[in-house]
Every structure is written in structure tokens, then in C-alpha cells.
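Please read them with the structure open beside you.

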Amino acid sequence: MRLDLLAALSGILIAAQSRVNGGLSTALGNSTEAAVYSFSSGFLVLNIIALANPKVRHGIRRIIQGVKSGALPVWRLSAGIMGGIFVAIQTFTVPIIGVALLSVVMIAGQTLASLIVDQIGITGGGKQPITMRRVLAALITIIAVLVAVWEEIQLANISPIPVVVVFVGGFMIGVQRALNGQINDISGQSFSTTWLNFFMGTSTLLILLIINTARGNEIVGLPTSPWWIYWGGTIGVLYIASSSVIVAKIGVLSFTLFATGGQLIGSLIFDLFAPPENVKVGTNLVVGILITYIGVLVGGLRKQGSMRTKSAPNN
């Protein structure tokens, strides 16, 4: 299957996970607790996979050996911490701003991060130069954010704080993708890389939950409905496993741009047909989504064409 199509499907998974985690947060009334349940459920799925698949266990051992030998610097393990923090951001902000606006703002943060990490060369695919086309694509996504939120902020319908928080979260996800590409080079197994992410993320979120509980926040019982609010962790497993492989092949920015298309379509559908309470899809948001997709086209199409040319066999 084409890598650009797989990247787009990964984007739809992000939108679905955002809506699911936001629904869990609303049901619990505690965003940190919701993030813990989401991440730990995914970690449980990964442990079942690891028990059933010796290749996954071997990949985990390779990661441990890589850390001990110095081939995998310890700081790169922070990829999972970033993922955990972003899930906490999802659960906190989706009930406030909705999936579509979260997607637009997150994509701008991701695209900016992608330019930086591709230039530095911390992805599995090595350094990729910053061109005017790629800079223009990043600028277009930032303009899309301004268009999408301008009317709502002017009317004081939303605070700029969750918007800024999501932008920072999106930047972290861009860095996380790059680090996962490096970790995957060591593990040789995408599910092993994903296991590490969920181990680090779950540990981080548990520490945050303990701190919040010590400060007086109560842990509430698990709601029994709706049934779909507990699928966020499983969706995250599928997303990280697929993205860690694709990023190593096409680079962080290209992955981000193609995943954007799927994410925007999915997020708009969720906010139209299953919106969080008090979240509405306005004209500015739709225009912002369209502008973001223009950024996808500007930044991605020519690069993908060149990839096909290079990959074609010589006759």
C-alpha cells in the first residue's frame, strides 16, 4: 500500500482518538484520570501482543541493549513522555474547543516541529533540507490556525489558553515522531517502539495523577457508557505503530502533511455528527480547515511525485 495513503489513515486515527479521549474526559470530569485510563488500556493491549509475539519481546530487548551500549541515547526515550502529555492535552481541550479546531492548531505545531527535526536530522531517514516550498506550507498552516480561531476569540467564546496549549502539544508530537523513527531503527519492530512509548507515557501520567490526587482531586468510578470512550488507548497503539514505520521512510514533514488530510476530514466529520457539548462548526473553522489542506498540497504533492520518480526502476 502507498505510504501517503497510510499516512492519511494515521491522521484519521488521530481525530478518532481525540474525540474518544475527549468523551472519556467529559464522562469522568477529570482529564488526567481520563488520560491515564486511555494510555494504560493501550499499554495493556501492547503487553498482550508482546506476550504472544517473540519478535516484539526481542525488539524491546534491543532497545534496552541500545540504551546500555549508548547506541540509543536516554533522552530519546522522552518520546513516550511527550505522547503521554499530549493525551492529557487531548482530554483537557477537546471538550472545550472540539476535535476540528484541536486538529488545525495541533497540525500547525507539528509542521513547525517537523521543519526543525528534519533539518537537524533526528529522524530515521536522516537530514532533509528546508526548502521555500516547505516553509510556505508551514506558514499556510499557521495562517489556517489564525483564521479558524479568530472569530471565536474575538467573541470571547473560547480562551486562547487551550489553543496555545494544543499548539505546544502539536509541536511535541512532531518531535515525538522523529524520536520514534530513531528508536524504531534500534528495535527493528514497530510494536516494540510503541510498547516503549506507552510504558513511558503511562508512567508519566500516573505520576501526574498521583500529584493531582495529593492536591485534592478525587478519582471517580468508571462510567459504563458510552461504550466507545475506552478505545482511545487501542487507537493510539495503531497510530504510533504505523507512524514510527512511515516516518523512517518519508520523513516527519511529509508524514505530517499527508496525515493532515486524513485528520482534518475525520475531525470535521466528528464535530459535525458527534460534537462535544457546546462545540459548533462555524464558517471560520471550515475555512481554516480548507487553508490547512492547501498547506498539505503545497508541501506534499511535489515531494511525493519526486519519491515516485526515484523509486521507479530504470529500464
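1. In this protein, residues 24 or more positions apart account for 86% of the contacts with a separation of 6 or more, a contact being heavy atoms within 4.5 Å. The model is predicted, so local features need pLDDT of at least 70 and side-chain atom pairs count only at pLDDT 80 or more, while totals for chains, interfaces and linings use all residues. Residues are numbered from 1 along each chain as its sequence is written, and side-chain values use heavy atoms, with hydrogens and water left out.

2. The secondary structure comes to 10 helices and zero strands, where helices (H or I, at least four residues) and strands (E, at least two) are DSSP runs numbered from the N terminus. Of the 315 residues, 53% count as buried, that is, under 20% relative accessible area, with exposed meaning over 50% and partly exposed in between (1.4 Å probe, protein chains only).

3. Helix H1 (residues 3-28) packs against helix H4 (residues 78-120) at an angle of about 140°, with the axes 7 Å apart; these axes are lines fitted to C-alpha atoms over the stretch in contact, and angles run from 0 to 180 degrees between N-to-C directions. H1 and H4 are therefore oblique to each other, since angles under 35 degrees count as roughly parallel, over 145 as roughly antiparallel, 65 to 115 as roughly perpendicular and the rest as oblique. The contact includes Ile-14, Gln-17, Ser-18 and Asn-21 of H1 and Gln-90, Pro-95 and Leu-102 of H4, and its residues divide into eight nonpolar, eight polar and one charged (Ala, Val, Leu, Ile, Met, Phe, Trp, Tyr, Cys and Pro count as nonpolar, Asp, Glu, Lys and Arg as charged, and the others, Gly among them, as polar).

4. Gln-90, which lies in helix H4, counts as buried because its relative accessibility is 0%. Leaving aside neighbours within four places in sequence, Gln-90 is in contact with Ile-14, Gln-17, Ser-18, Asn-21, Pro-95 and Leu-102.

5. The axes of H4 and helix H7 (residues 190-214) come within 7 Å and cross at roughly 55°, and the two helices are therefore oblique to each other. Here Ala-79, Gly-80, Ile-81, Gly-84 and Ala-88 in H4 meet Asn-197, Met-200, Gly-201, Thr-204 and Leu-205 in H7; the residues of this contact divide into five nonpolar, five polar and no charged.

6. Helix H6 (residues 160-187) is largely enclosed by the rest of the structure, because 20 of its 28 residues are buried. H6 is followed by Gly-188, whose phi is positive, near 70°.
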